[in-house]
Amino acid sequence: TESASRPSMSFDGSARRIEDNRRFMPGGVNSNFRLGISPTPLVFERAEGPYLYDVDGNRLIDYYLGMGPMILGHSPAALRKAVHDQIDKGILFAGQSDLETRAAQLVCELVPCAGKMRFGSSGSEVVQAAIRLARASTGRTTILKFEGHYHGWFDNILWSTAPALNAAGPEDSPVPVAGSAGQLPEAAHGVEVLVWNDLAALERRLARGDVAGVIMEAAMCNAGAIHPARGYLEGARAACTRHGTVLIFDEVITGFRLAAGGAQETFGVTPDLATFGKAIANGFPVAAIAGRADLLDLFATGGVVHGGTYNGQCISMAATVATLESLTPDLYAAIDKRGRRLMQGIAASLDRAGIRAVVTGFPGIFHVGFGLEAPARHYRDLTRLDRPAYIAFTTALLRRGVRALERGAWFLSVEHDDAVIDATLAAVDDAAREVAK
Ligand code: PLP
């Protein structure tokens, strides 16, 4: 488009508003993950399809997509209609609705592990439900998690995560690193951290027979897009079965994005439990825990508590049904084709500009890693990323009308058509040459 070749966009209106916002909100923003954006956190007026429109009058091609949810793009017509229709009928019943049944049925049809499921409102929250089920069903305490895998911001699981940007201890026995000030140190009791993609290490730990659950992003997407090593998920599945440990896939990013059935469908490995959020409702606050019926039934008959005022809220359920009914094979084929072209085009531009980088992941969620010579195998490899150089690149892109996350992830929607990909690649080529100078 016209904006791609001109590095001229100004964001002064956003900067002024963020400054003013500080009167009401810490840092002028409502999430820590919106802090420190170069040149400023942005303030938007509206969004449609692949585009965001900010208060400075800029139209930006959006690869944040709400941090992942908007697989149908911004404000798709089917979802708008479903939500408009529902708002006339009711918002919150504190009881069941047929809409909820339909949404649950769709999740159970699409997701391989979903014998049964429950809805929640955020990924962080349903992760807590999964941890509780793992402990209740096994009578054990220990949850294993992996360095760099993010499972929400609560005390008991925010250990050695991407926001902390660090890893500690030797690779074969990592030390949990707190992700936040104010985190209860005792909350590390009951969680152990391992390096991901090392099957022997996982098998050794599980063999002690005292682990309640293993939680992982089946394809690591929050900190960087890393594929599971060949045989790793299968091996983890077998070892968990062998030792009576509950295998949990956190599919908050990968769910309904890598495929309608998530990473578990893509890789053909079925966990005992899985958590979902983001793309399940294309921007509405919906999450789900799904899995083996006997485990989910512990909420009904096993004394395991799971609640939430907004679980199954009508507007969110209308959005869930409209989203899940839109997830056709054609949608994934389109994202697959365009995403591959985008990944290859970015890699080619960076190569031409002499920038050392790798582009890894999946067409619908990939990662551009500046400074890496080879695809990362686990989080420790990502500590070698050249983050300042990448931020210079995303800032140069933003001035050309392309908004990509500064931590390297790119999300794609079905609304990013070939013309949008072309405009993006023109901006990428230009920005790469500018930052390589
Ligand atoms: N799990 C993963 C893999 C995520 O990427 C996220 C959020 O980015 C969460 C859990 C937490 O979800 P929420 O932000 O909805 O609480």
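This is a predicted model: local features need pLDDT of at least 70, side-chain atom pairs count only at pLDDT 80 or more; totals for chains, interfaces and linings use all residues.
The protein chain is divided into domain 1, made of residues 12-75 together with 328-436, and domain 2, which covers 77-325. Taken over C-alpha atoms, the centres of domain 1 and domain 2 are separated by 25 Å. Where they meet, 25 residues of domain 1 are in contact with 25 residues of domain 2. On the side of domain 1 that touches domain 2, the elements that give two or more residues are strand 11 (357-362), strand 12 (365-370) and helix 12 (379-382), and it is strand 12 that gives the most, with four residues. By class, this side of domain 1 has twelve nonpolar, eleven polar and two charged residues.

Consider helix 11 (residues 329-352) and helix 14 (residues 418-436), which pack at an angle of about 15° with their axes 9 Å apart. Since angles under 35 degrees count as roughly parallel, helix 11 and helix 14 are therefore roughly parallel to each other. Their crossing is right-handed. From helix 11, the residues R338, R341, L342, G345, I346, S349 and L350 meet D418, I421, T424, L425, V428, D429 and A432 in helix 14. The contact of helix 11 with helix 14 has, by class, seven nonpolar, three polar and four charged residues.

Another pair is formed by helix 5 (residues 199-206) and helix 6 (residues 232-243), whose axes come within 10 Å and cross at roughly 5°. Helix 5 and helix 6 are therefore also roughly parallel to each other. On the side of helix 5 the contact is made by L199, L202, E203 and L206, while helix 6 brings Y232, G235, A236, A239, C240 and H243. The residues of the contact of helix 5 with helix 6 divide into seven nonpolar, two polar and one charged.

The remaining pair to be considered is that of helix 2 (residues 77-87) and helix 10 (residues 314-325), which pack at an angle of about 150° with their axes 9 Å apart. Because angles over 145 degrees count as roughly antiparallel, helix 2 and helix 10 are placed in that class and run roughly antiparallel to each other. The crossing of helix 2 and helix 10 is right-handed. Helix 2 takes part in the contact through A78, L79, A82, V83, Q86 and I87, and helix 10 through C314, I315, A318, A319, V321, A322 and T323. By class, the contact of helix 2 with helix 10 has eleven nonpolar and two polar residues, and no charged residues.

Two details of the backbone complete the tour. A cis peptide bond, with omega about 0°, joins S38 and P39, and P39 has its place in the loop between helix 1 (12-21) and strand 1 (44-48). N197, for its part, has a positive phi of about 70° although it is not a glycine, and N197 lies in the loop between strand 6 (191-194) and helix 5.

Definitions and conventions. Residues are numbered from 1 along each chain as its sequence is written. Axes are lines fitted to C-alpha atoms, for helices over the stretch in contact, and angles run from 0 to 180 degrees between N-to-C directions. Angles under 35 degrees count as roughly parallel, over 145 as roughly antiparallel, 65 to 115 as roughly perpendicular and the rest as oblique. A crossing is left-handed if the near helix is turned anticlockwise from the far one by less than a right angle, and right-handed if clockwise. Two residues are in contact if their C-beta atoms, placed from the backbone, lie within 7 Å. Ala, Val, Leu, Ile, Met, Phe, Trp, Tyr, Cys and Pro count as nonpolar, Asp, Glu, Lys and Arg as charged, and the others, Gly among them, as polar. Domain bounds come from an automatic or database domain assignment.
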